[in-house]
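Let's take a walk through this chain together, from its overall build down to a handful of individual residues.

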Amino acid sequence: MTPDMKFLLHLLTLMTIVLCTATAAVPSNCTQAILGIAEGWNSSNVTLSLVEKNTAGQWVRVLGPYRGKLGREGLVWGLGLHRNPGHASIKREGDWRSPAGIFTLGGLWVTNKKAVRRDPRIPYVQVGPADLWVSDPAYPKLYNRHVRLDHPARTKWELRERMRQNDYAHSIKLLIGHNTAKPVVGAGSSIFFHIWRNNGASPTAGCTAMDEQNLRRIIARLNPDRHPIYILLPHSEYAKRRKLWRLP
């Protein structure tokens with residue numbers, strides 16, 4: 001091999017390392033993740049596990065696998081920590097699909113009468129009649145944001161945007177950080193983990209749902225020091241991107 005060829009090979013290796021680093025989506029400080037693997041892009045079925053890195057740096061399952069439900073129409077790429085493939089279809093408001101990719105986790109939004117065991121550093125909101133989550137694209141500055149009014153929701157618009165008050169399935173909600181950092185209007189809003197309906201027989205509008213006890217187990221184990229994330233992908237994409245994205 002000539003010196004020029006060795007130099008080109010070295011340069012190609014460096015470029016590959018840079019590219020892999022640029023597209024690696026799991027943050028280096030993350031040692032805890034909710035891992036959701038769907039059967040396919042158009043499936044509403046998902047298998048959920050909580051995984052953690054051990055002292056040897058290896059990912060191990062600590063909870064699950066649990067059955068879960070996704071959007072009625074399956075999955076589509078969302079806006080999170082990952083880089084979406086070029087020309088990929090992206091999550092849209094009202095498309096009945098769950099966002100795929102890698103996402104931060106936010107706080108808890110609760111109406112459930114039974115206390116939710118959690119790390120006290122995880123933000124906790126007791127949802128009431130003045131709490132809105134705005135999904136209306138006509139209000140870009142409020143889109144995909146929590147708004148607390150100084151009065152109970154009463155106008156037609158306020159009532160439409162109000163967070164659910166007496167819905168068991170939505171009585172425990174853990175925020176999934178899709179389109180939350182700098183919300184893109186119309187790219188999907190109000191994406192949470194919550195309790196499933198009909199013992200898992202019913203899909204969601206785009207959230208990830210599971211049995212209440214399993215949701216409680218996962219929430220109780222979440223540790224902010226581990227910088228937990230949510231990874232949701234169809235099985236084919238998970239296999240394709242596992243090494244490049246440093247997935248569990």
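Predicted model: local features only at pLDDT ≥ 70, side-chain atom pairs only at ≥ 80, totals over all residues.

Along the principal axes, the C-alpha atoms fill a box of roughly 75 × 40 × 35 Å.

How does the chain connect with itself? Taking the contacts with a separation of 6 or more, 62% are between residues 24 or more positions apart. Of the 248 residues, 48% are buried. The accessible surface comes to about 12,900 Å², and carbon and sulfur atoms account for 55% of that area. As for charge, there are 35 positive and 17 negative side chains, and the centres of these two sets lie 4 Å apart.

Now let's look inside. In soluble globular proteins, nonpolar side chains tend to be buried together. In this chain, the largest nonpolar core has 44 residues, and Ile34, Phe193, Tyr230 and Ile231 are those with the most contacts inside it. Strand S5, residues 98–110, gives the largest share of this core, with six residues. Apart from it lies another core, of eight residues, including Val125, Trp133, Phe192 and Cys207.

Next, find Trp196, in the loop between strand S10 (192–195) and strand S11 (208–210). Is this residue buried or exposed? Trp196 counts as buried, because its relative accessibility is 9%, which falls under the 20% cut-off. Beyond its neighbours within four places in sequence, Trp196 is in contact with Arg67, Gly68 and Lys69, and also with Ala209, Met210 and Asp211.

Asn29 sits in another loop, between helix H1 (3–23) and strand S1 (32–38). With a relative accessible area of 40%, Asn29 is partly exposed. Arg226 and His227 are its contacts once neighbours within four places in sequence are left aside. Asn29 and Gly200 are 171 residues apart along the chain, and 33 Å separates their C-alpha atoms.

Finally, a few backbone details are worth a look. The peptide bond from Gly64 to Pro65 is cis, with omega near 5°, and Pro65 belongs to strand S3, residues 59–69. Then there is the loop between strand S9 (172–176) and S10, where Asn179 is found. Asn179 is not a glycine, yet its phi is positive, near 60°. Ser190 is found in the loop between S9 and S10 too, and has a positive phi of about 55° although it is not a glycine. Asn179 is buried at 4% relative accessible area, whereas Ser190, at 22%, is partly exposed.

How values were computed. Residues numbered from 1 in each chain as written. Heavy atoms only, no water. Buried < 20%, exposed > 50% of the residue type's maximum accessible area, 1.4 Å probe, protein only. Contact = heavy atoms within 4.5 Å. Areas by Shrake-Rupley, 256 points an atom, 1.4 Å probe, with all protein chains shown as cover. Lys, Arg positive; Asp, Glu negative; His and termini not counted. Charge placed at Lys NZ, Arg CZ, Asp CG, Glu CD. Core = buried A, V, L, I, M, F, W, Y, C linked by side-chain atoms within 4.5 Å. Helix = DSSP H or I, 4+ residues; strand = E, 2+ residues; numbered from the N terminus.
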